[in-house]
Amino acid sequence: MSDQPEPNPAAAYLEPPEGSKATRPEPLNLFESAPPNLDVLAQLSGQNVLYARQFSFELVAELCKLAAVLEEIEIWPYHPLDGKIITTAFFEASTRTRTSFESAAHRLGGRVISIPDGSITGAKKGESIQDIGEMFNAYCDCVVMRHTETSAPKEILENLRIPLINAGNGSGEHPTQALADWYALLKWKPRLAAPFETGDQKLKLGILGTPGSMRAVKSFLLMSLLFHEHISKVTVISEMADPFGPDVIESLNQADIDYEVTNDIRESLPQLDIIYMNSIAFLGDSYKALDSRYKLDADSPLKQDAVILHPLARLDELDTSLDKTPHNLYFSQAHGAVFIRQALLLAVLGRLDRLPEL
Ligand code: CP
C-alpha cells in the first residue's frame with residue numbers, strides 16, 4: 001500500500017494527564033533514522049514465542065521499531081490481520097496481557113476468541129491441555145495462552161500446530177512482557193537500539209525482585225543480557241541469597257555482563273539509572289509477595305533521571321506518589337504493550353506485507 005498513513009489519534013490519550021510529569025517518550029525517535037527491517041521480522045512467521053532466550057538483539061530492536069511506527073500511525077484502515085483469528089486462552093488472572101493482546105488484534109482488524117478464565121473450558125471437567133490444543137488447531141490461527149502450570153506450553157504444543165504465544169506460564173517466563181519492557185526503554189533511550197556502544201555512558205540496571213520465582217523479572221533479566229553493550233552493571237536487590245535459580249545463573253555467567261546481588265537498597269538505589277521492580281511471585285498454585293521490605297516512593301533516594309519499570313499489578317512496593325514524577329516509565333511500559341504485541345502478531349501471523357509503506 002502506498003497511501004501515506006495518518007497519525008494515530010489514540011496517541012493523544014497516551015500523554016500523561018495534566019499536572020503529571022510521568023515519562024512518556026516519543027515513539028518517533030526510535031525509527032526516524034532507520035525504519036524497521038521487515039526482513040528480520042519475517043523470521044518470526046509461523047513461530048512459537050515461548051521464552052526470552054529465543055530472541056536475538058536484532059529481533060528485539062526491529063520489533064520495537066515496528067511497534068514505534070504502529071504507535072505513531074493510524075493502522076486500522078489497513079486491517080492487516082483481516083481474516084485471522086486469535087484465541088486468548090487465559091487459565092490464570094490478567095488485567096494487561098490479555099486485554100492488550102486483544103486490543104492489538106482488534107486494532108489490526110483481526111478477530112478474537114477470548115477465554116478470560118480457563119474454568120469456562122473443558123479444563124473444569126478435567127479435559128487435558130493437549131486435547132484443548134487439538135481443538136484450537138481448527139478454531140483459530142494463533143493462540144495466546146497464560147497458565148498457572150509452568151509445563152503448560154510444552155503440553156499444549158504436543159497437539160497444537162498453529163503458533164503459540166506464551167503470555168506467562170507459572171513461574172516460568174513472560175517473554176512478551178520483556179518485549180514491552182524493552183520497548184519502553186528503547187523509546188526512552190533510542191541509542192539502546194544500536195548493537196554496539198555509542199560512546200554514551202553505560203546504564204546501571206537495578207532489579208528489585210527475585211528472577212528465579214518471578215516470571216516477568218526472569219524474562220526481563222534474560223532479555224537484558226542482549227543489551228550488555230549498553231549496561232555497565234546489573235544489581236539485583238533481593239532478600240534471598242540466591243534470587244536466580246540454576247537456569248538464570250548459567251545465562252548470567254555466560255553473558256558479558258557484570259552483576260551483583262545485595263540486600264542493601266539504601267546504598268544501591270542512588271546509583272541506578274533503571275529500576276525494574278516486582279513483588280508478586282507465583283509459587284506452586286498461589287501468589288506470594290516477596291521482597292516486601294523493598295518499597296519505593298517519591299522520597300526514595302533515586303537518581304534524578306532514573307526511571308522505574310514495573311510489569312504491574314503492584315502491591316504497596318511501588319507507591320502512587322511516584323505516578324506523577326518523571327521516574328514513572330511504568331505507565332508508558334503498560335500502554336506500549338499494545339503496540340509491541342501488534343508488531344509481534346503481524347510478524348508471527350505473516351502479515352508484515354499488509355503494512356502501509358513505512
Ligand atoms: N504484566 C502483566 O502480566 O500483567 P497482567 O497479569 O495484568 O496480565
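1. Between domain 1 and domain 2 of this predicted model, an area of about 3,600 Å² is buried, with carbon and sulfur atoms giving 63% of it; buried area here is the accessible area (1.4 Å probe) that two parts lose on being put together, summed over both. On the domain 1 side, R53, F57 and R96 lose the most area to domain 2, together 19% of what that side buries.

2. The assignment places 20–173 + 336–354 in domain 1 and 175–334 in domain 2, the bounds being taken from an automatic or database domain assignment. Their C-alpha centres are 23 Å apart, and the contact (heavy atoms within 4.5 Å) draws 46 residues from domain 1 and 44 residues from domain 2.

3. Helix 7 (residues 175–188) and helix 11 (residues 330–348) have axes that come within 8 Å and cross at roughly 110°, which means that helix 7 is roughly perpendicular to helix 11 (65 to 115 degrees). Helices are DSSP runs (H or I, at least four residues) numbered from the N terminus, and axes are lines fitted to C-alpha atoms over the stretch in contact, with angles from 0 to 180 degrees between N-to-C directions.

4. Residues of helix 7 in this contact include T176, L179, Y183 and K187, and those of helix 11 include S332, F339, R341 and L344.

5. On the conventions, local features need pLDDT of at least 70 and side-chain atom pairs pLDDT 80 or more, whereas totals for chains, interfaces and linings use all residues. Residues are numbered from 1 along each chain as its sequence is written, and side-chain values use heavy atoms, leaving out hydrogens and water.

Terms used
Helices (H or I, at least four residues) and strands (E, at least two) are DSSP runs, numbered from the N terminus. Angles under 35 degrees count as roughly parallel, over 145 as roughly antiparallel, 65 to 115 as roughly perpendicular and the rest as oblique.
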